[in-house]
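Thanks for asking me to look this over. Here are a few points to follow with the structure open beside you.

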Amino acid sequence: MDIKGIVTGAAIAAVFGVGGYLAAANLNADDMDTGAPSEQIIALNDTQRDEVRSLVRETLIDNPEILEEVSVALEQKRSEAENDRRKGMISERKDLIFSSAADHVAGNPEGDVTIVEFFDYNCPYCQRALGDIQELIESDPNVKVVFKEFPVLSEESYDAALVGIAMEKQNLYMPFHDKLLMHQGRANKATALQIAQDLGADMAKLEADMADPAAIETLRGTHSLADDLGINGTPAYVIGDEVLVGLAPLTELKKQIANVRENGCQVC
């Protein structure tokens, strides 16, 4: 039996668990079934176990880069699995993602590529992303942008998001959205209502629409959708069957748009 030949696998399993070993070996969990080839399942006696422990220690001390390589391989495997899971979820919930009647649509409603942005009015990165989204809308006549109110930072963000949802019913969403994201200071209910009033909103209707259970349900639905997509921060984007979490440079957004146009999108 080639003890040294299984030392690396034993070391990986000891440090990272079976998942780490499978990732490094590029095996699936099914490979560990009793029907797997005998060389993948090795029973060791006590003497051999002691020898393996000694060789594991020696191997890791002499080659510590093994752990780094395994860590990278494991992270890549997990990332690929998460991307596959997200793509499946996008396909399953595509109508809610790309075509919800509760969301505001900017740009070309019939555009050939749709960008869905999850944002929070108090997110500084969302504020920085505003200019990029505006430029995309102005420069690309065939892009559709869907805005999803996704307040995650505070109760103030939640109140501001309710105002945004209510402003959609008065056809004043986009100017409200831009002004609140450009506001210097915290976005909260008072600030949002003041901007709404400055834009000429019917304040009585606005308050009624904010209290409508449908508005609250819209926010709950967006949070549930974000959970399904593995989105836990802002900004986040869905473009085609890809999810981008975090501030994406304009060049990256354009790259994703071009990729969808070139390769198509089966779900959107």
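1. First, a cut-off for what follows: a residue is called exposed when its relative accessible area is over 50%, and buried when that area is under 20%. Please keep in mind that this is a predicted model.

2. Have a look at asparagine 171, in the loop between α6 (155-168) and α7 (173-182). Its phi is near 60 degrees, a positive value in a residue other than glycine. Is asparagine 171 buried or exposed? Its relative accessibility is 72%, so asparagine 171 counts as exposed.

3. Which residues of α2 are buried? They are Gln48, Val52, Leu55, Val56, Thr59 and Leu60. Viewed down the axis of α2, the buried residues fall within an arc of 125 degrees, so they line one face of the helix. Asp46, Thr47, Arg53, Arg57, Ile61 and Asp62 are exposed on the other side.

4. Now to the peptide bond from threonine 234 to proline 235, which is cis, with omega near -10 degrees. Proline 235 sits in the loop between α10 (213-229) and β4 (236-239).

5. Strand β4 pairs with β5 (residues 242-245) in the antiparallel sense, over four bridges. Isoleucine 239 has glutamate 242 in β5 as its bridge partner. This hairpin has two residues between the strands, and glycine 240 takes a positive phi near 65 degrees there.

Note on methods: Residues numbered from 1 in each chain as written. Predicted model: local features only at pLDDT ≥ 70, side-chain atom pairs only at ≥ 80, totals over all residues. Heavy atoms only, no water. Buried < 20%, exposed > 50% of the residue type's maximum accessible area, 1.4 Å probe, protein only. Pairing = 2+ DSSP bridges. Arc of directions from axis to C-beta.
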